[in-house]
Amino acid sequence: MVATDAGWADSGPRMGFFTDTSVCIGCKACEVACKEWNHVPDDGLRFSGFSYDNSWGLGADTWRHVAFIEQRHPAPGAGDGLPAGDGLPAAGGELRWLMSSDVCKHCTRAACLDVCPTGALFRTEFGTVVVQSDVCNGCGYCVPACPYGVIDQRKEDGRVWKCTLCYDRLKVGMEPACAKACPTRSIQFGELDVLRAEAADRVEVLHRRGVAGARLYGDDPGDGVGGTGAFFLLLDEPEVYGLPPEPVVTTRDLPSMWKRAAVAALALAATVVAAAR
Amino acid sequence: MPAVSPGAGSHPAGGPRPADGRRGFPDGEARGRRGRPDTDAGRSYYGQPVLNPPTWAALDIAGYLFLGGLAGGSSALAAATEAKGIEGLGRPLRMGAAGAIGLSLVALVHDLGRPGRFYNMLRVFKPSSPMSVGSWILSVYGPAAIAAAVLDVVPLPGPLASARRPLQKAASVTAGLIGPVVTTYTGVLVADTAVPAWHGGYREMPFLFAGSAGSASGGLGLLTVPPMRAAPARRLAVTGAVAELTALRVMKARMGLPAETYDQGRAGRLMKAAETLTVAGTTGAVVGRRSRLASAAAGACLLAGSALTRFGVFQAGVQSAEDPRYTVEPQRARLAARPGSPSA
């Protein structure tokens with residue numbers, strides 16, 4: 001239990017998101033609901049040209065991000081050149097539109113939380129990962145530590161911000177704003193164990209219907225981050241959605257790093273002593 | 001970071017980089033890759049980075065990596081030469097260490113935005129956070145290094161006058177003992193991230209930084225002390241420089257794809273200049289050992305080489321984080337190599 005491990009004596013079940021992208025319609029109600037509820041500032045009006053996506057990606061002021069991918073399906077094999085212009089194969093397959101609402105993964109082994117030097121990032125009793133904005137000192141270490149590119153610095157105040165999985169709403173028994181606003185139940189909120197079981201069933205149904213590309217992402221407790229509290233059903237490879245295919249929490253290698261730093265420091269000390277003659 | 005200009009064959013999104021400089025195409029090169037066949041390895045979300053690149057300013061953080069190394073190595077050499085009764089190097093190296101760590105603290109506080117924010121670093125001690133560990137190391141080392149230099153030259157009033165020497169000695173020894181740790185923990189600091197060109201070098205980075213620190217602090221000795229008295233500094237500089245160049249080679253050879261960022265673009269230019277200066281400085285330190293001028297010039301080259309190495313490492317990390325290829329392809333290769341994968 002991730003919350004118990006973090007020191008919570010009487011935590012409830014771990015809560016999370018299951019984002020089923022096969023039923024996402026790209027309405028962005030989640031983005032808007034998140035902004036409104038959490039009072040997240042403007043993330044800029046910048047034309048991207050990424051299909052219907054003008055919010056670019058997750059960041060300090062974008063806690064839900066709907067990706068839009070236009071592709072021919074089934075994608076032609078390697079060797080079929082892409083035209084440099086629109087990213088679509090020249091021929092073959094049917095046009096399809098993938099939409100996916102991305103969010104903080106609330107990792108079981110969260111690099112942002114591990115590397116935070118102030119304790120601003122903490123594990124809640126729901127098993128989620130939240131930044132305490134009154135403790136964050138703007139060091140920015142969590143930003144390059146996150147293997148998913150989620151948490152980011154707000155330039156105006158220097159501190160970092162990300163999805164809280166609506167900690168305030170959870171506290172009073174409400175579901176997160178994005179899940180509440182989602183009209184297709186693409187974003188499902190609930191107990192993680194229950195969501196994982198439902199997601200496995202959903203993949204099976206899709207496979208039976210011939211959607212061979214359906215796969216779960218982040219549902220495996222044995223993966224490099226110990227499984228994620230927010231996981232996904234995707235219809236293509238993760239990198240197509242801008243997600244890392246096999247993320248690993250950077251602190252997995254930290255014990256080895258500390259040992260090497262100690263050996264290197266001793267080697268330098270020995271060199272200095274040997275040089276002083 | 002050059003602004004992106006839309007070019008032929010570019011995605012229609014070739015507008016200017018976002019005003020905040022955070023998201024957007026890293027360079028024209030990355031967009032060019034979209035013309036490749038649609039292989040798994042080449043795919044990305046419109047060429048967008050998977051990671052959020054470091055928000056740190058190079059001058060603050062790469063500058064600190066260099067200054068911290070210079071300070072730590074100098075404190076160690078100052079303490080070691082004095083313990084062995086070697087005269088001449090102690091004072092200038094202690095001064096250098098105090099100046100370097102003082103500037104480091106300014107750089108680190110500037111990075112946080114407000115001085116008061118540094119106190120939050122001392123709320124907790126977290127071994128899982130190299131920055132937390134580093135803050136505690138610096139909170140002992142910094143005052144010790146500065147006291148060792150100040151008490152060396154500033155007399156204490158009245159009754160404290162007799163305590164000055166013992167205090168100075170204690171501060172100098174403390175700084176000397178912690179110094180080597182100050183130089184290597186920063187290797188862990190950068191490696192303990194998801195940045196491909198940093199994490200990919202986690203095995204060698206502490207050795208690279210220790211070597212670079214030895215080269216810089218030895219260089220400071222060569223620059224400030226006549227060659228007759230600078231032999232220990234010369235030995236440290238040469239050993240450090242060789243260690244730095246070797247560790248870098250090993251690191252790049254083991255890293256795989258992200259290693260190429262150390263040879264490309266601005267990072268490539270910084271690393272190339274660093275290598276040239278370090279090799280020139282090492283050669284000068286050995287060949288010009290009898291000349292004050294040649295030794296001083298060699299010392300300056302080594303200092304500059306060490307600084308450029310840190311800026312180069314920093315920049316390579318930024319470049320590797322800004323291009324999704326360096327995140328996706330090594331992970332794809334790991335998956336493919338796993339037993340049970342279709343291509344294994």
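**The sheet in chain A**

Chain A has an open sheet of four strands, in the order S8-S1-S10-S9, with mixed pairing. Before I go on, please keep in mind that this is a predicted model. The edges of the sheet are S8 and S9 of chain A, S9 being residues 215-217, and each of these pairs on one side only. Leaving direction aside, neighbouring strands in this sheet are turned by 25 degrees against each other on average.

Let me take the pairings one by one. As a reminder, strands of a sheet pair through backbone hydrogen bonds, either parallel or antiparallel. S1(A) and S8(A), the latter covering residues 187-191, run antiparallel and are joined by five bridges.

Next comes S10(A), residues 230-234, which pairs with S1(A) in the parallel sense over four bridges. Here you can look for Phe18(A), with Phe231(A) as its bridge partner in S10(A). The last pairing is between S9(A) and S10(A), which are antiparallel and share three bridges. Arg215(A) has Leu234(A) as its bridge partner in S10(A).

**Strand S1**

Back to S1(A), residues 15-20. Is this strand mostly covered or mostly exposed? It is mostly covered, with six of its six residues buried. In a regular strand the side chains alternate between the two faces of the sheet. In S1(A), one side carries Met15(A), Phe17(A) and Thr19(A), the other carries Gly16(A), Phe18(A) and Asp20(A), and all of these are buried. Both faces of S1(A) are therefore covered, given that a residue counts as buried when 20 or more other C-beta atoms lie within 10 Å of its own.

**Domains, and chain B**

Zooming out, chain A is divided into domain 1, residues 2-246, and domain 2, residues 252-277. The C-alpha centres of these two domains of chain A are 40 Å apart.

Now the other chain. How many helices and strands are there in chain B? The count is eleven helices and zero strands. Chain B has 344 residues, and 58% of them count as buried. If we take the contacts in chain B between residues at least 6 apart in sequence, 73% of those contacts join residues at least 24 apart.

**Where the chains meet**

The contact between the chains takes 71 residues from chain A and 81 residues from chain B. On the chain A side, the elements giving two or more residues are helix H3 (111-115), helix H4 (142-145), strand S6 (152-153) and H8. Which of them gives the largest share? That is H8(A), with 14 residues. Sorted by class, the side of chain A that touches chain B has 39 nonpolar, 21 polar and eleven charged residues.

Finally, a closer look at H8(A), residues 254-275. This helix packs against H8(B), residues 231-255, at an angle of about 145 degrees, and the two axes are 8 Å apart. The crossing of the two helices is right-handed. H8(A) makes the contact with Thr271(A), Val272(A) and Ala275(A), while H8(B) uses Pro232(B), Arg235(B), Leu236(B) and Thr239(B). Of the residues in this contact between H8(A) and H8(B), four are nonpolar, two are polar and one is charged.

That is what I wanted to show.

Conventions. Residues are numbered from 1 along each chain as its sequence is written. Chains are lettered from A and ligands numbered from 1 in the order in which they are written. This is a predicted model: local features need pLDDT of at least 70, side-chain atom pairs count only at pLDDT 80 or more; totals for chains, interfaces and linings use all residues. Axes are lines fitted to C-alpha atoms, for helices over the stretch in contact, and angles run from 0 to 180 degrees between N-to-C directions. A crossing is left-handed if the near helix is turned anticlockwise from the far one by less than a right angle, and right-handed if clockwise. Two residues are in contact if their C-beta atoms, placed from the backbone, lie within 7 Å. Ala, Val, Leu, Ile, Met, Phe, Trp, Tyr, Cys and Pro count as nonpolar, Asp, Glu, Lys and Arg as charged, and the others, Gly among them, as polar. Domain bounds come from an automatic or database domain assignment. A residue is buried if 20 or more other C-beta atoms lie within 10 Å of its own, exposed if 12 or fewer, and partly exposed in between; C-beta atoms are placed from the backbone. Two strands pair if DSSP finds at least two bridges between them.
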